[in-house]
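Please open the structure in a viewer and keep the sequence at hand.

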Amino acid sequence: MSRLLWAGLVAVLVAVGFGVYSNYDGFDPESLRGATVVITGCSTGIGEEMAYQYARLGAKILITARRENRLKEVVAKAKSLGAQEAHYVAGDMGKAEDCERTIQTVKDKFGRLDYLVLNHDGSNVKNIHEMFGKISWDQDPDMNFFEDYLQVNLVSYVRLASMALSLLKESSGHIVAVSGLQGKVPFATLAWGSAGKFAVDGFFSSLRVELMKAGQDVSVTLPVLGFIRTPMVEKMYEKMEKGQDMLDMAAPMDEAALAIIRGGATRAREVYYPAMTRPLVILRAFFPNFVDSLLAD
């Protein structure tokens, strides 16, 4: 076996071992009882599931999304599951005024903020769920979509975090900026998505260092998610040939939501879920050309 393959194998084994070790994170569910939490992108998927899990842990939650009818349903269920308080803000986080309204509502309803969980994903120009894995940027360089995507999925993350920082500093709080494997590894046909997620990583990783330098006790966690069985993923694959086989390989959505919550509560630097995402990231750090070639096939 060549030295290159040996080094790759060692990197993967170390990553898996670290992943197993990191499961023992000292998470205390009681630490979230009464905590004030803002979660964006809660009308469906992982955001909705996080709202329910925070509710079961007795948190006070404020959720956002564009569909008010869905937010009302999620709030009602969250209250039934044990949330001490549950409120919503219906709005487009790609708009500055809706971001401002969200943080102002936090101040009005809670007077403090412990967790800011940035999870929303979308575009006002195209349905991004229909674009995943289908069209290469060189075939369809749609700049209107790209600018809108970055506004919704990058600028609004930065804006919300910036507006919430004073509250988070007062509470020694937590920022959780949900990302994905495409924010660590470039995928063909996902140049637009990788641009946004790589930028989220860059900004929030730098913000973490700035807060450390300033002596501010605000943690920054970056969850790196892989293939999760969300309603969107089910819709994408259910009509495909062998789609069910792919869905059977997807990681459970409830476990993904819990991994994010645990990571934020324990002030983890990064969270990788499912565990297989970490070895690929480490492998690319050592052998970028190999991984690029692998993903280009």
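Predicted model: local features only at pLDDT ≥ 70, side-chain atom pairs only at ≥ 80, totals over all residues.

Why does Thr36 count as buried? Thr36 counts as buried because its relative accessibility is 2%, where buried means under 20% relative accessible area, exposed over 50% and partly exposed in between, with a 1.4 Å probe and protein chains only.

Residues are numbered from 1 along each chain as its sequence is written, and side-chain values use heavy atoms, with hydrogens and water left out.

**First stop: Thr36 and strand 1**

Keep Thr36 selected; this residue belongs to strand 1. Helices (H or I, at least four residues) and strands (E, at least two) are DSSP runs, numbered from the N terminus. A polar atom of the Thr36 side chain lies 3.4 Å from the backbone oxygen of Arg112. Beyond its neighbours within four places in sequence, Thr36 is in contact (heavy atoms within 4.5 Å) with residues including Lys60, Phe110 and Tyr115.

Now extend the selection to residues 36–39, which form strand 1. Thr36 and Val38 point one way, Val37 and Ile39 point the other way, and all are buried.

**Second stop: the partners of strand 1**

Select residues 60–65, which are strand 2. Strands 1 and 2 run parallel and are joined by four bridges; two strands pair if DSSP finds at least two bridges between them. Look for Val38, which stands opposite Leu62 of strand 2.

Next, select strand 4, residues 115–118. Strand 4 pairs with strand 1 in the parallel sense over three bridges, and Val117 of strand 4 stands opposite Ile39.

Then show helix 9, residues 253–265, whose axis comes within 9 Å of that of helix 2. The contact involves, among others, Gly45 and Tyr54 of helix 2 and Met253 and Ile261 of helix 9.

**Last stop: Thr102**

Finally, select Thr102 in helix 4, residues 96–109. Thr102 is buried, with a relative accessible area of 0%. Not counting residues up to four places away in sequence, Thr102 touches Val38, Leu62, Thr64, Val89, Met93 and Leu160.

Technical notes. Polar contact = N/O pair within 3.5 Å; in protein donor to acceptor, adjacent residues only side chain to side chain. Axes fitted to C-alpha atoms, helices over the stretch in contact; angles between N-to-C directions.
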